[in-house]
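Subject: Structure for you to look at

Hello,

Here is the structure I promised you. Please open it and keep it beside this email while you read.

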Amino acid sequence: MIPILDWSQFETNRPAFLAELSQAVRGSGFFLLRNHTVSPALRARVFDFVDAFFSLPAQDKRALSILKTPHFRGWAAEGDESLDDNSALVDRKESFNIGFDLPPDDPRVQRGEPFRGVNVWPPIRGFRETMLEYFETALTLGVDIHRAFAADLGLEPEHFTPAFKDPLAALRLLHYPTATGAQNEIGAGAHTDYGAITLLMTDGEPGLQVKPRGGGWTEVPHLPDAYVVNIGDCLMRWTNDIYVSTPHRVLPPKRQRRSVAFFVEANPDTIVSALPGTGTPKYPPVRAADYLRSRLDATYAPKEAI
C-alpha cells in the first residue's frame, strides 16, 4: 500500500527508481524514502530539541503563540487548529512552526508581505541554529526530489527549481499527548496537505493513517531513518491531477507521539497552473501565497468543539 523507495537509486538506477516513483505518486500519493541525504545525527538533534521545547512550561510557550502573528510562526496549543474542514472536531496536538528565516529589516518584512514575517524562538540554547540547519537541509532534499518529478513528467531537470527560491516552506514540530479515551478525540483530523510535498519523520509511535481513493483508512508503517513523503494539493494542481494528494489523519496515540514535518512550498509569487503536456487545465491558475492563505485561514478558523 505504501511503497518504499531508495533515493540512492535516482543516481545508480534511475529507470527503476522513476518507475517506482511514478506508481507511488499516481497511486497512494505516499511513499517511504530511505537512503536520503539528511544525516541521522541531524535528525536526532532535531528530536532532542522537539522534546526540549514541548517540555517548557505552558506560559513560556504561550509567549510564542502562533495566534499573535499573521505569518503563522510559533506555538499552536491544543485546540488552536482543526485540520478537518468537514468536522467541528479540534486537533488534540500542539505544534511549533518555523518559516523561511528573514531578519526584521528585510524589505519584504518591512512591507508586510504575506508570510514574510520573522520567526520566533524559544530561549533554548542551540534550538534556532539546529532548526535552521535542518530547514535548509530538508529544503535541499525537497528540491532534489522535484528533479525526480521533472524526470517522471518529461520536463527539464530544473523545471521546478526556480519556484523554490525564498519559498513558503515551513518546518513544523509536533507533539501528540497520550490518548485520554474521550469520545470524538482526534490527534489530527482528516486532511490533505497544502503544498507541493511533505517530508515527515516520526518517532515510530503509530497513529498516522492514509485513505487512498476508493479504500479505507490504512496505517502508514514506520521505517527507521526513512521519510514519509506525500504529495500535497499544490503539486496535484500543478500536475493537473496526475499526481494524487491523499487524505490522512493521526489517531490519538497510546503513548505520546512526536513528529517533524517539513512542508515544501513554492515561492509566494509562483503561479501554479497546469504543467505542459498535462492536458486541459482542471483548475484556474493561482498564486502560491493566495492558495496557502485560503487553506490556513480555514485551519485556524474558530470551531466549536464537540
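Asn240 counts as buried, at 3% relative accessibility. Here buried means under 20% relative accessible area, exposed means over 50%, and partly exposed lies in between (1.4 Å probe, protein chains only). Asn240 sits in the loop between helix H7 (233-238) and strand S11. Its phi is positive, about 60°, although Asn240 is not a glycine. Asp166 also has a positive phi, near 50°, and is a residue other than glycine. You will find Asp166 in the loop between H6 and S5.

A word on the source. This is a predicted model, in which local features need pLDDT of at least 70, side-chain atom pairs count only at pLDDT 80 or more, and totals for chains, interfaces and linings use all residues. Residues are numbered from 1 along each chain as its sequence is written, and side-chain values use heavy atoms, with hydrogens and water left out. As for the labels, helices (H or I, at least four residues) and strands (E, at least two) are DSSP runs, numbered from the N terminus.

Now helix H2. It has 13 residues, 14-26. At 1.5 Å a residue it should span 18 Å, and its end C-alpha atoms are 18 Å apart, so the two agree. The expected span is 1.5 Å times one less than the number of residues. Phe17, Leu18, Leu21, Ser22, Ala24 and Val25 are the buried residues of H2. They cover an arc of only 165° around the axis, which puts them on the same side of H2. The arc is that of the directions from the helix axis to the C-beta atoms.

What do the buried residues of H2 pack against? Their partners are strand S1 (4-6), helix H1 (9-12), strand S2 (30-34), helix H6 (127-153) and strand S10 (227-231). Contact means heavy atoms within 4.5 Å.

Asp152 and Leu18 are 134 residues apart along the chain, yet their C-alpha atoms are separated by 6.1 Å. Not counting residues up to four places away in sequence, Asp152 touches Leu18, Ser22, Val25, Arg26 and Tyr243. Its side chain makes a polar contact with the side chain of Tyr243 at 2.5 Å. Another polar contact, of 3.4 Å, joins the side chains of Asp152 and Ser22. A polar contact is a pair of N or O atoms within 3.5 Å; within protein, one must be able to donate a hydrogen and the other to accept it, and residues adjacent in sequence count only if both atoms are side-chain atoms.

Glu136 is also found in helix H6. Is Glu136 buried or partly exposed? It is partly exposed, with a relative accessible area of 42%.

Two loops are worth a look. Ser28 lies in the loop between H2 and S2. Ser28 is buried, at 7% relative accessible area. Its side chain reaches the backbone oxygen of Phe30 at 2.9 Å. Glu205 lies in the loop between S7 and strand S8 (208-210). Glu205 is buried too, with a relative accessible area of 11%. A polar contact of 3.1 Å joins its side chain to that of Arg255.

On to helix H3, residues 40-54. Its 15 residues should span 21 Å at 1.5 Å a residue, and the end C-alpha atoms are 21 Å apart, which agrees. The buried residues include Leu42, Val46, Phe49 and Phe53. Seen down the axis, the buried residues of H3 fall within an arc of 165°, so they line one face of the helix. Pro40, Ala41 and Asp48 are exposed on the other side.

Best wishes
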